[in-house]
Amino acid sequence: MPAGAGPPELSRLALLQKCTQIIETFDPKRTTVDAWAEDAEILKDRSLGDVELKFIHQVFYGCVRYQKFLKLFVTSFMYRCPSQALRAEQPFYTVLAYLLFFRLEELGVAEFRQFFVSGCVQATASLELLRYALDQEELEKWVKMEWCKLYDMSYIENDIIGKLQNLRPELQPLLDEVERRSGKGSRRRRPAWPPSTPPWRARPPGRSR
């Protein structure tokens, strides 16, 4: 954000916290998605600049749109990894899963990493979450058929599971880093993550994503 254009940028952790807060406080029985995106008290925080608001709106709309998909993934993850997954962190699992499955190509791995290692969840939980999302066999075992009740099988196989498999080489340095942070990985040289302007900071909110 240019100097003098607004308040300082929020940290990735603070942004994720805002995202989970607006999702958790949304009540579809009392208001609409569009109305809540405009009226939520959380979004009246003066520390939020225009780009932060746009990002929060994008995540809110996306998590509502893919609510059933994300709930199936997060529920299966928590059932599969009960010793690592914490109920208190469940809203963050939902947002991270949304970014991973639906926004990774747009954000880029380097920017996604900033959110993933922000400290919003325990390192052991983030490790197991990423391992699970990248394990085709486990997804097929635990959640694929439930996803296929919501979407065409070809979409799940190609655009969800297959896409992440194709991106796995790019995500491997992040997986290695999270393994080290959790104390469960071998000692390897830490990858160099090039500084970049977060793609989401220059994009308008996409309600269809």
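Q: Which residues in H5 do Leu16, Gln17, Cys19, Thr20, Ile23 and Glu24 in H1 meet?
A: Residues are numbered from 1 along each chain as its sequence is written, and side-chain values use heavy atoms, with hydrogens and water left out. Contact here means heavy atoms within 4.5 Å. On that basis, the H1 residues meet Pro91, Phe92, Val95, Leu96 and Leu99.

Q: How do the residues of the contact of H1 with H5 divide by class?
A: Ala, Val, Leu, Ile, Met, Phe, Trp, Tyr, Cys and Pro count as nonpolar, Asp, Glu, Lys and Arg as charged, and the others, Gly among them, as polar. The contact of H1 with H5 then comes out as eight nonpolar, two polar and one charged.

Q: Is H1 roughly perpendicular or roughly parallel to H5?
A: Helix H1 (residues 12-25) packs on H5 with the axes 9 Å apart, at an angle of about 110°. Axes are lines fitted to C-alpha atoms, for helices over the stretch in contact, and angles run from 0 to 180 degrees between N-to-C directions. Under 35 degrees counts as roughly parallel, over 145 as roughly antiparallel, 65 to 115 as roughly perpendicular and the rest as oblique. So H1 against H5 is roughly perpendicular.

Q: What does the angle between H4 and H5 make their packing?
A: Helix H4 (residues 67-80) and helix H5 (residues 90-102) have axes 9 Å apart and pack at about 120°. That angle makes H4 versus H5 oblique.

Q: Which residues in H5 meet H4?
A: The H4 side of this contact is Phe69, Leu70, Phe73, Val74, Phe77 and Met78. By class, the contact of H4 with H5 has eleven nonpolar, two polar and no charged residues. Across from H4, the H5 residues are Gln90, Tyr93, Thr94, Ala97, Tyr98, Phe101 and Phe102.

Q: Which residues in H11 meet H5?
A: Helix H11 (residues 153-182) has an axis that comes within 9 Å of that of H5, crossing at roughly 90°. So H5 is roughly perpendicular to H11. The contact of H5 with H11 has seven nonpolar, no polar and one charged residue. Leu100, Phe101 and Phe102 in H5 meet Tyr155, Ile160, Lys163, Leu164 and Leu171.

Q: How many helices does the protein have?
A: Helices (H or I, at least four residues) and strands (E, at least two) are DSSP runs, numbered from the N terminus. The protein has zero strands, and its helices number eleven.

Q: Which helix has the highest confidence?
A: The mean pLDDT of the protein is 86, with 83% of its residues at 70 or more. Over residues 186-209 pLDDT is below 50, though the stretch has 57 contacts in the model beyond near neighbours in sequence. Where pLDDT is low, the predicted coordinates should not be read in detail. Helix H2 (residues 33-39) is lowest at a mean of 93, and the highest, at 98, is H5.

Q: Is serine 47 buried, partly exposed or exposed?
A: Serine 47 is in the loop between H2 and helix H3 (50-65). Buried means under 20% relative accessible area, exposed over 50%, and partly exposed in between (1.4 Å probe, protein chains only). At 26%, serine 47 is partly exposed.

Q: How far apart in space are serine 47 and leucine 10?
A: In sequence, serine 47 and leucine 10 are 37 residues apart. C-alpha to C-alpha, their separation is 7.5 Å.

Notes
Predicted model: local features only at pLDDT ≥ 70, side-chain atom pairs only at ≥ 80, totals over all residues. pLDDT = per-residue confidence, 0-100.
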